[in-house]
Amino acid sequence: MSEPELKQQVEQLIASNDVLLFMKGTPEAPRCGFSMRVVGVLDSLAVEYGAIDVLQALEPLREVTGEISDWRTFPQLYVNGELVGGADIVEEMYESGELAEQLGVEQPDEPAATPEPGQAPPLQIDSN
């Protein structure tokens, strides 16, 4: 796929999804701590969102998203066609209640349980 075709496809995805996350991995299996943190915030807000695993075409997607939003790192969260930001911005907006307001959802009473950067979630050990 050429860069103009990829750019058009990315723009279409952003426009057709109210909430879209470009991330490393999938929501069920994030492949970096920053992506895991954003997934944790979105899940705590119980909002439906689309997710794109950027690892299949990392460098071309960096180029295209850089042209679209002047942001070249991942994750990237888009709401209603506009870039919100990466993990740090999303977490700050979550903590202030601004993200819930922008998404049109209620702010939960409990803060999002996000692991520390680089920290894997706890493992479950089967004692049988």
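This is a predicted model: local features need pLDDT of at least 70, side-chain atom pairs count only at pLDDT 80 or more; totals for chains, interfaces and linings use all residues.
View 1. Residues are numbered from 1 along each chain as its sequence is written, and side-chain values use heavy atoms, with hydrogens and water left out. The chain holds 5 helices and 6 strands, where helices (H or I, at least four residues) and strands (E, at least two) are DSSP runs numbered from the N terminus. Their order along the sequence is α-β-β-β-α-β-α-β-β-α-α. Of the 128 residues, 38% count as buried, a term that means under 20% relative accessible area, with exposed meaning over 50% and partly exposed in between (1.4 Å probe, protein chains only). Among contacts (heavy atoms within 4.5 Å) with a separation of 6 or more, 58% are between residues 24 or more positions apart.

View 2. A nonpolar core is a set of buried Ala, Val, Leu, Ile, Met, Phe, Trp, Tyr and Cys residues joined through side-chain atoms within 4.5 Å. The largest one has 20 residues, and those touching the most other members are Leu 21, Leu 42, Leu 45, Leu 77, Leu 99 and Leu 103. Two or more residues of this core come from each of β1, α2 (33-44), β5, α4 (87-96) and α5 (98-103). Leaving out residues up to four places away in sequence, Leu 103 touches Val 19, Leu 42, Leu 45, Val 47 and Val 79. Another core, of 11 residues, lies apart from the largest one and includes Phe 22, Leu 58, Leu 61 and Tyr 78. In soluble globular proteins, nonpolar side chains tend to be buried together.

View 3. Rings of Phe, Tyr and Trp (its six-membered ring) pair if their centres lie within 6.5 Å, and planes under 30 degrees apart count as stacked, over 60 as edge-to-face and the rest as tilted. The count by this rule is 1 aromatic pair. The ring centres of Phe 22 and Tyr 78 are 5.7 Å apart and their planes stand at 75°, so the pair is edge-to-face. Phe 22 belongs to strand β1 (residues 19-23) and Tyr 78 to strand β5 (residues 76-79), so that the pair links distant parts of the chain, 56 residues apart. Phe 22 is buried, at a relative accessible area of 0%, and Tyr 78 is buried at 2%.

**View 4. Helix α2 and its cover.** The end C-alpha atoms of α2 are 16 Å apart, in agreement with the 16 Å that its 12 residues should span at 1.5 Å a residue, the expected span being 1.5 Å times one less than the number of residues. Ser 35, Arg 37, Val 38, Val 39, Gly 40, Val 41 and Leu 42 are buried in this helix, and their cover includes β1, β3 (29-30), β5, α4 and α5.

View 5. Ala 87, Val 90, Glu 91, Met 93 and Tyr 94 are buried in α4. They lie on the same side of the helix, because they cover an arc of only 165° around the axis, taken from the directions from the helix axis to the C-beta atoms. Glu 92, Glu 95 and Ser 96, on the other side, are exposed.

View 6. Most residues other than glycine have a negative phi, and most peptide bonds are trans. The bond from Phe 74 to Pro 75 is cis, with omega near 10°. Pro 75 sits in the loop between α3 (58-69) and β5 and is buried at 3% relative accessibility. Asp 70, in the loop between α3 and β5, has a positive phi of about 60° and is exposed at 69% relative accessibility. Asn 80 has a positive phi near 50° and is exposed at 54% relative accessibility.
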